[in-house]
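Q: I would like to learn how to read the features of a protein model. Can we take them one at a time?

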Amino acid sequence: MDENGMTIRRIEAAEVDAFRRIRLEALQMEPAAYASSYEDWAALPDEEWQKRLDNPVFVAFQHGEPVGITGLLRQRSTKMAHRATIVMVYVRRSLRGTGLARDLLNVAAGQARDSGIRLLELAVSAENPAAIRFYEREGFIEIGRIPGGFLHDGREIDDVMMVRRIG
(Lines give C-alpha, C1' and ligand atoms only; values in the text may rest on other atoms or scores of the structure.)
Protein backbone atom coordinates (compact mmCIF):
# COMPACT_ATOMS: atom_id res chain seq x y z
CA MET A 1 0.00 0.00 0.00
CA ASP A 2 1.34 3.43 -0.87
CA GLU A 3 1.00 6.66 1.11
CA ASN A 4 -2.41 7.34 -0.47
CA GLY A 5 -3.80 3.99 0.64
CA MET A 6 -3.53 2.63 -2.91
CA THR A 7 -2.89 -1.02 -3.79
CA ILE A 8 -3.12 -2.82 -7.11
CA ARG A 9 -3.51 -6.55 -7.31
CA ARG A 10 -4.89 -9.37 -9.37
CA ILE A 11 -8.22 -10.16 -7.83
CA GLU A 12 -9.49 -13.61 -6.99
CA ALA A 13 -12.92 -15.19 -7.33
CA ALA A 14 -13.79 -14.22 -3.74
CA GLU A 15 -13.50 -10.56 -4.79
CA VAL A 16 -16.07 -10.76 -7.58
CA ASP A 17 -18.17 -8.01 -5.95
CA ALA A 18 -15.29 -5.52 -6.22
CA PHE A 19 -14.85 -6.53 -9.86
CA ARG A 20 -18.56 -6.05 -10.54
CA ARG A 21 -18.64 -2.63 -8.84
CA ILE A 22 -15.67 -1.12 -10.67
CA ARG A 23 -16.53 -2.66 -14.05
CA LEU A 24 -20.11 -1.39 -13.92
CA GLU A 25 -18.88 2.02 -12.75
CA ALA A 26 -16.54 2.20 -15.76
CA LEU A 27 -19.31 1.29 -18.20
CA GLN A 28 -21.74 3.74 -16.61
CA MET A 29 -19.33 6.67 -16.32
CA GLU A 30 -17.63 6.29 -19.72
CA PRO A 31 -20.12 4.49 -22.00
CA ALA A 32 -18.61 5.83 -25.24
CA ALA A 33 -15.17 4.47 -24.32
CA TYR A 34 -16.12 0.79 -24.38
CA ALA A 35 -17.46 -1.67 -26.92
CA SER A 36 -19.35 -3.33 -24.06
CA SER A 37 -22.48 -1.83 -22.55
CA TYR A 38 -23.52 -1.33 -18.94
CA GLU A 39 -26.80 -3.10 -19.63
CA ASP A 40 -25.12 -6.21 -21.02
CA TRP A 41 -22.74 -6.53 -18.08
CA ALA A 42 -25.35 -5.64 -15.44
CA ALA A 43 -27.50 -8.52 -16.72
CA LEU A 44 -24.74 -11.12 -16.34
CA PRO A 45 -25.46 -13.91 -13.88
CA ASP A 46 -23.07 -14.38 -10.96
CA GLU A 47 -21.50 -17.44 -12.59
CA GLU A 48 -20.49 -15.39 -15.63
CA TRP A 49 -18.85 -12.71 -13.47
CA GLN A 50 -16.89 -15.49 -11.76
CA LYS A 51 -15.92 -17.04 -15.11
CA ARG A 52 -14.55 -13.74 -16.39
CA LEU A 53 -12.03 -13.82 -13.56
CA ASP A 54 -10.42 -16.87 -15.21
CA ASN A 55 -8.39 -14.28 -17.13
CA PRO A 56 -6.26 -11.91 -15.05
CA VAL A 57 -8.16 -8.87 -13.78
CA PHE A 58 -6.23 -6.22 -11.86
CA VAL A 59 -8.03 -3.78 -9.59
CA ALA A 60 -6.68 -0.68 -7.93
CA PHE A 61 -8.04 -0.19 -4.42
CA GLN A 62 -7.83 3.00 -2.41
CA HIS A 63 -8.49 2.32 1.27
CA GLY A 64 -10.25 -0.89 0.24
CA GLU A 65 -12.52 0.77 -2.37
CA PRO A 66 -12.09 -0.28 -6.04
CA VAL A 67 -11.05 2.79 -8.07
CA GLY A 68 -9.46 1.36 -11.22
CA ILE A 69 -9.35 -1.77 -13.33
CA THR A 70 -7.66 -3.47 -16.24
CA GLY A 71 -7.64 -6.99 -17.60
CA LEU A 72 -5.47 -9.23 -19.70
CA LEU A 73 -6.67 -11.69 -22.35
CA ARG A 74 -4.00 -14.06 -23.60
CA GLN A 75 -4.29 -15.52 -27.06
CA ARG A 76 -5.01 -19.27 -26.85
CA SER A 77 -3.47 -20.51 -30.11
CA THR A 78 0.06 -21.85 -29.60
CA LYS A 79 1.33 -19.76 -32.51
CA MET A 80 -0.09 -16.62 -30.91
CA ALA A 81 0.42 -17.44 -27.22
CA HIS A 82 3.07 -14.70 -27.01
CA ARG A 83 0.32 -12.06 -27.47
CA ALA A 84 -2.23 -10.66 -25.05
CA THR A 85 -4.87 -7.95 -25.19
CA ILE A 86 -5.25 -5.24 -22.56
CA VAL A 87 -8.96 -4.74 -21.80
CA MET A 88 -11.31 -2.83 -19.46
CA VAL A 89 -8.89 0.00 -18.65
CA TYR A 90 -10.57 2.48 -16.30
CA VAL A 91 -9.52 4.89 -13.56
CA ARG A 92 -12.03 6.84 -11.52
CA ARG A 93 -12.14 10.41 -12.81
CA SER A 94 -10.92 11.95 -9.52
CA LEU A 95 -7.71 9.88 -9.78
CA ARG A 96 -6.86 10.55 -13.40
CA GLY A 97 -3.52 12.23 -13.93
CA THR A 98 -2.08 10.67 -10.75
CA GLY A 99 -0.16 7.90 -12.50
CA LEU A 100 -2.67 5.24 -11.47
CA ALA A 101 -3.45 4.22 -15.07
CA ARG A 102 0.28 3.79 -15.73
CA ASP A 103 0.62 1.75 -12.53
CA LEU A 104 -2.30 -0.52 -13.52
CA LEU A 105 -0.81 -0.97 -16.99
CA ASN A 106 2.61 -1.77 -15.52
CA VAL A 107 1.17 -4.41 -13.19
CA ALA A 108 -0.69 -6.04 -16.09
CA ALA A 109 2.41 -5.83 -18.33
CA GLY A 110 4.56 -7.35 -15.59
CA GLN A 111 2.16 -10.26 -15.18
CA ALA A 112 2.09 -10.69 -18.96
CA ARG A 113 5.89 -10.63 -19.26
CA ASP A 114 6.23 -13.14 -16.40
CA SER A 115 3.91 -15.53 -18.23
CA GLY A 116 5.83 -15.32 -21.53
CA ILE A 117 3.86 -12.59 -23.29
CA ARG A 118 5.98 -10.50 -25.65
CA LEU A 119 3.37 -8.35 -27.34
CA LEU A 120 0.52 -6.35 -25.78
CA GLU A 121 -2.38 -5.24 -27.94
CA LEU A 122 -5.35 -3.01 -27.28
CA ALA A 123 -8.19 -1.17 -28.95
CA VAL A 124 -9.10 2.35 -27.89
CA SER A 125 -11.93 4.59 -29.02
CA ALA A 126 -10.84 7.09 -31.66
CA GLU A 127 -12.99 9.57 -29.75
CA ASN A 128 -10.75 9.31 -26.68
CA PRO A 129 -7.64 11.32 -27.60
CA ALA A 130 -6.46 11.49 -23.97
CA ALA A 131 -6.34 7.69 -23.81
CA ILE A 132 -4.55 7.48 -27.16
CA ARG A 133 -1.92 9.97 -25.95
CA PHE A 134 -1.54 8.00 -22.71
CA TYR A 135 -0.91 4.75 -24.57
CA GLU A 136 1.56 6.47 -26.90
CA ARG A 137 3.47 7.79 -23.86
CA GLU A 138 3.54 4.22 -22.54
CA GLY A 139 5.17 2.95 -25.73
CA PHE A 140 2.17 1.75 -27.73
CA ILE A 141 2.05 2.51 -31.43
CA GLU A 142 -1.01 2.72 -33.65
CA ILE A 143 -1.10 -0.11 -36.16
CA GLY A 144 -4.48 0.58 -37.73
CA ARG A 145 -8.12 1.42 -37.29
CA ILE A 146 -11.36 -0.47 -37.50
CA PRO A 147 -13.86 1.96 -39.03
CA GLY A 148 -17.10 1.79 -37.07
CA GLY A 149 -15.55 -0.72 -34.67
CA PHE A 150 -18.46 -0.36 -32.29
CA LEU A 151 -21.77 1.45 -32.01
CA HIS A 152 -22.66 3.93 -29.29
CA ASP A 153 -26.00 5.77 -29.26
CA GLY A 154 -26.49 4.77 -32.88
CA ARG A 155 -23.14 6.25 -33.97
CA GLU A 156 -20.25 4.28 -35.37
CA ILE A 157 -17.03 4.86 -33.45
CA ASP A 158 -13.66 3.81 -34.84
CA ASP A 159 -11.39 1.54 -32.85
CA VAL A 160 -7.71 2.52 -32.85
CA MET A 161 -5.59 -0.62 -32.70
CA MET A 162 -2.30 -0.27 -30.80
CA VAL A 163 0.57 -2.58 -29.82
CA ARG A 164 3.63 -2.54 -27.58
CA ARG A 165 6.48 -5.04 -27.31
CA ILE A 166 7.32 -6.03 -23.75
CA GLY A 167 9.74 -8.86 -24.25
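A: Start with aromatic pairs. Rings of Phe, Tyr and Trp (its six-membered ring) pair if their centres lie within 6.5 Å; planes under 30 degrees apart count as stacked, over 60 as edge-to-face and the rest as tilted. This structure holds five such pairs. The model is predicted: local features need pLDDT of at least 70, side-chain atom pairs count only at pLDDT 80 or more, and totals for chains, interfaces and linings use all residues. Residues are numbered from 1 along each chain as its sequence is written, and side-chain values use heavy atoms, with hydrogens and water left out.

Q: What is the geometry between Phe19 and Trp49?

A: Edge-to-face, with 5.1 Å centre to centre and 80° between the planes. Helices (H or I, at least four residues) and strands (E, at least two) are DSSP runs, numbered from the N terminus. Phe19 is in helix 1 (residues 16–29) and Trp49 in helix 3 (residues 46–52), so this pair links distant parts of the chain, 30 residues apart.

Q: Are Phe19 and Trp49 buried or exposed?

A: Buried means under 20% relative accessible area, exposed over 50%, partly exposed in between (1.4 Å probe, protein chains only). Phe19 counts as buried because its relative accessibility is 1%. Trp49 is at 0%, so Trp49 counts as buried too.

Q: Which residues form one aromatic cluster with Trp49?

A: Phe19 and Trp41. Trp41 pairs edge-to-face with Trp49, at 5.2 Å centre to centre and 70° between the planes. Trp41 is also buried.

Q: Where does Arg23 lie relative to the ring of Trp41?

A: A charge sits over a ring if NZ of Lys or CZ of Arg is within 6 Å of the ring centre and within 35 degrees of the ring normal. Arg23 lies over the face of Trp41, 4.4 Å from the ring centre. The charged end of Arg23 also sits over the ring of Tyr34, 5.2 Å from its centre.

Q: How many strands are in the open sheet, and in what order?

A: Two strands pair if DSSP finds at least two bridges between them. Here seven strands form an open sheet, ordered 1-2-3-4-5-7-6, with mixed pairing. Strand 1 (6–10) and strand 6 (141–152) are at the edges with a single partner strand each, so one side of each has no neighbour in the sheet.

Q: How do strand 3 and strand 4 run?

A: Antiparallel: six bridges join strand 3 (residues 65–74) to strand 4 (residues 83–91). Leu73 stands opposite Thr85 in strand 4.
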